[in-house]
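Biologist: Before we discuss this fold, I would like each label tied to the rule behind it. Please go through them one at a time.

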Amino acid sequence: MAAAHLPSNDLPRVAEALEMITPRWSVWVLMTLASQPGPLRYTKLKEHLPWLGDGQLHPRLRALSDAGLVERTAQTRLHVTYGLTARGRELMPSLTALAGWGDGHLEKNLVLNPVTGRTEPERIPAAQNAEDTLAVIGHRHATALLWTLKARGTSTMAALSAEAMPDHSPSAIYPPIRRLIDDGLVAVTRDDAASLQLTAPGQALAPIYLALSTWATARPLPEAQAHPVWGAPRIPAATRSGQWAAHQARKTSPAVAVAQPPAPAPATGWRPVDLFSAPTSGPSR
């Protein structure tokens, strides 16, 4: 499909898609259901997410059901199952792209590998990498600002505010743009202190927005290659996401890539084993 034929309203639809999945634990629920061969009863689903209380899991399931991503089926009053809808399954490439970016660009704690004796980045579950990425790009106005900067190349603060946030006062841009700068997605250009541009990690968000654009506009994923703003990079797998392991809560760190030790060839995508290992006490966050 030619770029000229792509819908012009995919930005607001992508923003709406992010709003559906940004609330905490949404990705964990979706990836957990995707990792199973069929729908799960509530008690079985809770066994996979033991750190979530009913007061956290029930609202997430209800919101994801209302969004059309999760299907609730009541066999009887006491036999209720949850599974992904077709739209929920179609969202998986977007979650993989979110996990891949977090895996490659968010700072990881360095841990000792007992087998090799080397210090290397900790292995974070795919779902946690995706949620950490959403914490960086899911806040209000972030996607509109990133999208506009990608399209413009560089922009002054005033021009960026007028285009990305036309219904707000010019000063409203400062909190979200400062957050994007602090997270390493946007930088002030060296040649003109009044201009802004995307950093390399900001440019690397392309696979996420390509996948979300095709999903939000109900187009086949291969058509992402012709997107007029984000180009046509390959949607990567979550190559360093590891098994679920319990440790102290992690804070989302600025988008800084860490040095990588020699590693086997990357996987082609996240697998159910990337989410879970032996039952423990909580997620890696």
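Modeller: Helices here are DSSP runs of H or I with at least four residues, and strands are runs of E with at least two. By that rule the protein has 12 helices and 8 strands. The model is a predicted one.

Biologist: What makes the pair of Trp147 and Trp230 edge-to-face?

Modeller: Two values decide it. Ring centres must lie within 6.5 Å to pair, and planes over 60 degrees apart count as edge-to-face. The centres of the Trp147 and Trp230 rings are 6.0 Å apart and their planes stand at 80°, so the pair is edge-to-face. The count of aromatic pairs under this rule is 6.

Biologist: How do you know that this pair links distant parts of the chain?

Modeller: Trp147 sits in helix 8, while Trp230 belongs to the segment after helix 12 (206-216), and 83 residues separate the two. Both Trp147 and Trp230 are also buried, a label that requires under 20% relative accessible area. Of the 285 residues of the protein, 47% count as buried.

Biologist: Which helices supply at least two residues each to the lining of the second largest pocket?

Modeller: Helix 1 (10-21) and helix 8 (142-152) do. Helix 1 gives the most, with 4 residues. The pocket has a volume of about 260 Å³; of its 14 lining residues, Ala15, Glu19, His139, Arg140 and His141 are the closest to its centre.

Biologist: How does that lining divide into nonpolar, polar and charged residues?

Modeller: It holds 7 nonpolar, 5 polar and 2 charged residues.

Note on methods. Residues numbered from 1 in each chain as written. Predicted model: local features only at pLDDT ≥ 70, side-chain atom pairs only at ≥ 80, totals over all residues. Heavy atoms only, no water. Buried < 20%, exposed > 50% of the residue type's maximum accessible area, 1.4 Å probe, protein only. 1 Å grid on protein atoms, 1.4 Å probe; cavity = no way out; pocket = protein on both sides within 12 Å on 5 of 7 lines; lining within 4 Å. Points joined across faces, edges and corners; volume = space filled by probe spheres on them. Nonpolar A, V, L, I, M, F, W, Y, C, P; charged D, E, K, R; others polar. Phe/Tyr/Trp six-rings, centres within 6.5 Å; stacked < 30°, edge-to-face > 60°.
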